[in-house]
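Here is a friendly briefing to read alongside the model. Please keep the viewer open as you go through the points.

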Amino acid sequence: MIYIKTEEEIEKIRENCLLVSQTLAMLAPLVKPGVSTKYLDSLAEEFIKDHGAEAPCKGYHGYPNATCMSLNDVVVHGIPSESTILKEGDILSIDLCTRKNGFIGDSAYTFAVGEVSDEVKRLLKTTKESLYKGIEMAVAGNRVGDISNAIQTYCEAAGYSCVREMVGHGIGKSMHEDPQVPNYGRRGQGPMLKSNMVICIEPMINIGRYPISIDPDGWTARTRDHKWAAHYEHAVAVRKGKADILSDFSLIEKALES
Ligand code: MF3
Ligand code: CO
């Protein structure tokens, strides 16, 4: 069942999404060689609490932390760890949610740790661009498959593959609502998009092949071929003509420049 949000509800989701973006912006300058992913997670958790919100990932089906910290060949759901220390040339995808005023916000961004290879730069650029290709299709009257197909077409044309087992989703009072928003699919297929649906579009894109496997910890989703993956996520409200993007990467990118 797909919930259509009121304007007031969308504003509450936006408030959370902006807090997620602020949290990612706070972390951005600290994503540096020598730092552990657990340290970044602790800072994020504290920041979220200091802003009067909760971190709903913690405890979600037993997930142990406030954030997901996915390094290199980890696609999503990497568990922050004291022993995962960032090195020059790595890439780190940080995915987190906040909850306040009864609603949830969700966004993710992949950071380069210091200078990364040209091959990896191209992966990050293409994955982020594919997110906006998907968002262009998130308008009333289109179908979910139009978003999926736009992402798939863009990434496969660049020689990458789109993860199958993990998908985007509706969001609201719950972190995961209908509809599912795959990063591959056919134009004109899937549920019809209507104004004031709120969905998370989150391309998870691999340099190599698309299959993933889950580590023995039950969470860490890694590419089977161990080639690297990127992940960018925005929550958007579907509108007539043009989607309203609720999270804001410009906060993160400003923090990275300074
Ligand atoms: N932001 C993630 C998503 O879109 C949620 C992380 S799963 C959790 O699915 F278990 F870590 F919370
Ligand atoms: Co999500």
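Ligand 1 has 14 residues around it, and Asp95, Asp106, His169, His176 and Glu202 come nearest (a residue counts as near a molecule or strand if one of its heavy atoms lies within 4 Å of it). This is a predicted model, in which local features need pLDDT of at least 70 and side-chain atom pairs count only at pLDDT 80 or more, while totals for chains, interfaces and linings use all residues. Residues are numbered from 1 along each chain as its sequence is written, chains are lettered from A and ligands numbered from 1 in the order in which they are written, and side-chain values use heavy atoms, with hydrogens and water left out.

**Contacts of ligand 1**

- A nitrogen atom of ligand 1 lies 2.9 Å from a polar side-chain atom of Asp95; a polar contact here is a pair of N or O atoms within 3.5 Å, and within protein one must be able to donate a hydrogen and the other to accept it, with residues adjacent in sequence counting only if both atoms are side-chain atoms.
- For His169, a polar side-chain atom is 3.0 Å from an oxygen atom of ligand 1.
- The side chain of Glu202 has an N or O atom 3.1 Å from an oxygen atom of ligand 1.
- On its own, ligand 1 has 330 Å² of accessible area, and the protein covers 96% of this (areas come from the Shrake-Rupley method with a 1.4 Å probe; for residues, only the protein chains shown count as cover).

**The cobalt site**

- Which residues coordinate the cobalt ion (ligand 2)? They are Asp106 (OD), His169 (NE2), Glu202 (OE) and Glu233 (OE), at 2.0 to 2.4 Å.
- Donors are N, O and S atoms within 2.8 Å of the metal (3.2 Å for Na, K and Ca), and the site may look incomplete because water is not among the atoms.
- Along the sequence, the donor residues of the cobalt ion follow the spacing D-x62-H-x32-E-x30-E.
- Asp106 in strand β4 (residues 103-112) and Glu202 in the loop between β8 (198-201) and β9 (204-206) are 96 residues apart, and the pair links distant parts of the chain. Helices (H or I, at least four residues) and strands (E, at least two) are DSSP runs, numbered from the N terminus.
- Both Asp106 and Glu202 are buried, a label for under 20% relative accessible area, with exposed meaning over 50% and partly exposed in between (1.4 Å probe, protein chains only).

**Strands and pairing**

- Strand β3 (residues 91-100) pairs with β4 in the antiparallel sense over ten bridges; two strands pair if DSSP finds at least two bridges between them.
- Nine of the ten residues in β4 are buried, leaving the strand mostly covered.
- The bridge partner of Lys100 in β4 is Phe103.
- Two residues lie between β3 and β4 in their hairpin, and Asn101 in the turn has a positive phi of about 55°.
- An open sheet holds three strands in the order β5-β9-β12, with antiparallel pairing. β5 (161-162) and β12 (229-231) are at its edges with a single partner strand each, so one side of each has no neighbour in the sheet.
- Three bridges join β9 to β12, and Met204 stands opposite His231 in β12.

**Backbone points to check**

- Most residues other than glycine have a negative phi, and most peptide bonds are trans.
- His61, not a glycine, has a positive phi of about 50°. His61 sits in the loop between α2 (37-50) and β1 (67-71) and is exposed at 66% relative accessibility.
- Asn101 is partly exposed, with a relative accessible area of 45%.
- The peptide bond from Asp178 to Pro179 is cis, with omega near 0°, and Pro179 lies in strand β7 (residues 177-181).

**Cysteines**

- How many disulfides does the structure hold? The count is zero, where a disulfide is a pair of cysteine sulfur atoms within 2.5 Å.
- Cys97 is in no disulfide, and the nearest cysteine sulfur, that of Cys57, is 3.9 Å away. Cys97 is buried, with a relative accessible area of 2%.
- Cys155 is also in no disulfide, with the nearest cysteine sulfur, that of Cys162, 4.8 Å away. Cys155 is buried at a relative accessible area of 0%.
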